[in-house]
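Subject: Structure handover and notes

Dear colleague,

I am passing on the structure we spoke about, together with my reading of it. Please have the sequence and the coordinates open beside this message as you go through the notes.

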Amino acid sequence: NGSWSAQSSSIRMAFVSWVGPGLGCGRQRSYRERRRRVPMAAHDVDSVRARVLRVVGAVSTASCLAVATVAQQVEAAGLVNGRLAPCRADQNCVSTTSFRNATKFGPPWTYFPQTSNKSEAFASLRAAVEKQPGARIVEYTDTYLLAEFPAFPKGIDDVEFTLLPEDGAVGYRSCSREVIYVYPITQPISDFGKNRARLDDIRAELGWEELGADSQY
C-alpha cells in the first residue's frame with residue numbers, strides 16, 4: 001500500500017506539471033509573481049486609464065460621425081424671381097430675405113462709405129470674397145456673385161451676393177449645402193455661427209455698414 005501511495009503521488013505530480021500550464025495554472029502564478037515583483041505606481045495607472053479613455057472616446061466619436069450621420073441636401077443656390085431665397089428653419093444659413101426668422105436674418109450692406117459707384121462696389125466685393133480662406137468664385141456677373149467655402153463640420157457653404165443699386169446696397173445669403181443630423185438627435189448639427197462670422201469678415205474687409213435703424217445711410 002505504501003508503495004502504491006508513493007507511485008500515485010508521483011503520477012499526480014507529473015500530471016499536474018504537464019497539464020497545469022495548459023489549464024492556466026502557470027500563467028496565474030507568473031502573473032501574481034509579476035505583480036509582487038513590479039508593482040505599478042498610482043500615477044502610471046492613471047496615465048494608462050487616461051490613454052484608454054482618449055482612444056475609446058475618439059473611436060466612439062468617429063463611429064458616430066461616420067456611421068450615424070444623415071445629410072439632407074438643400075435647394076441649389078441661385079436667385080428666385082430675381083431675389084435671394086430665405087433660409088429654412090433647419091438650415092445653417094443667414095440671408096437678407098429671412099424676415100420671418102430673426103436668427104437667420106441679416107441686414108443688407110450699404111457700400112456708400114466706400115463709393116457711390118455700383119460697379120466699383122461690386123468689384124470690391126469680389127476682391128474681398130476672394131481674400132477669405134477657402135474661397136472659390138463659381139459665378140460672377142454685374143449684379144450677382146456666387147462663391148463656395150468649406151463648411152462645418154463638412155461639405156460646402158454657398159455664399160451669394162446680389163446688387164441692390166436702388167438702395168445703394170448689397171443683399172446676401174450664406175447657407176450650408178447639407179443639413180446634417182447625428183442619430184438619435186433630431187436637431188441638425190450647428191455651424192457655430194460660421195456662416196455669419198464669414199460674412200462679418202467680408203464686410204469688415206470692405207469697410208461697409210449694415211443698413212438699419214442706426215445707419216446714417
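Predicted model: local features only at pLDDT ≥ 70, side-chain atom pairs only at ≥ 80, totals over all residues.

The protein chain has an average pLDDT of 78, and 63% of the residues score at least 70. Over residues 14–28 the pLDDT is below 50, and the model gives this stretch seven contacts beyond near neighbours in sequence. Residues 63–67 also stay under 50 in pLDDT, and for them the model has three contacts beyond four places in sequence. I would ask you to read both stretches with those scores in mind.

The element I would look at to begin with is strand β6, which covers residues 156–164. Seven of its nine residues are buried, so the strand is largely enclosed by the rest of the structure. On one side of the pairing, strand β5 (residues 144–150) runs antiparallel to β6 and is joined to it by seven bridges; within this pairing, E148 has D158 of β6 as its bridge partner. The two strands form a hairpin with five residues between them, and G155 in the turn has a positive phi of about 95°. The loop between β5 and β6 also holds P153, and the peptide bond that joins F152 to P153 is cis, with omega about 5°.

Strand β6 also pairs with strand β7 (residues 169–176), again in the antiparallel sense, over eight bridges. Here D157 has S176 of β7 as its bridge partner. This second hairpin has four residues between its strands, and G168 in the turn shows a positive phi of about 60°. As background for inspecting these strands, side chains in a regular strand alternate between the two faces of the sheet.

Turning to the aromatic residues, the structure holds seven aromatic pairs. One of them brings together F99 and F105, whose ring centres are 5.8 Å apart and whose planes meet at 40°, so the pair is tilted. With a relative accessibility of 59%, F99 counts as exposed, whereas F105, at 27%, counts as partly exposed. Another tilted pair is formed by W109 and F161, at 5.7 Å centre to centre and with 45° between the planes. This pair links distant parts of the chain, since W109 belongs to strand β3 (residues 109–110) and F161 to strand β6, 52 residues apart.

G134 is placed in the loop between α4 (118–130) and β4 (136–140), where it is partly exposed, with a relative accessible area of 48%. Leaving aside neighbours within four places in sequence, G134 is in contact with E148, F149 and P150. The C-alpha atoms of G134 and E148 are separated by 7.9 Å, although these residues are 14 apart along the chain. E148 is the residue already mentioned as the bridge partner of D158.

S124 sits in helix α4 and is buried, with a relative accessible area of 18%. A polar atom of the S124 side chain lies 3.0 Å from the backbone oxygen of E120. Not counting residues up to four places away in sequence, S124 touches Q114 and L206.

Lastly, F192 is found in the loop between β8 (178–182) and α5 (194–206). Its phi is near 55°, a positive value in a residue other than glycine. F192 is exposed, with a relative accessible area of 67%, which is over the 50% cut-off for that class.

With best regards

Technical notes: Residues numbered from 1 in each chain as written. Heavy atoms only, no water. Buried < 20%, exposed > 50% of the residue type's maximum accessible area, 1.4 Å probe, protein only. Pairing = 2+ DSSP bridges. pLDDT = per-residue confidence, 0-100. Contact = heavy atoms within 4.5 Å. Phe/Tyr/Trp six-rings, centres within 6.5 Å; stacked < 30°, edge-to-face > 60°. Polar contact = N/O pair within 3.5 Å; in protein donor to acceptor, adjacent residues only side chain to side chain.
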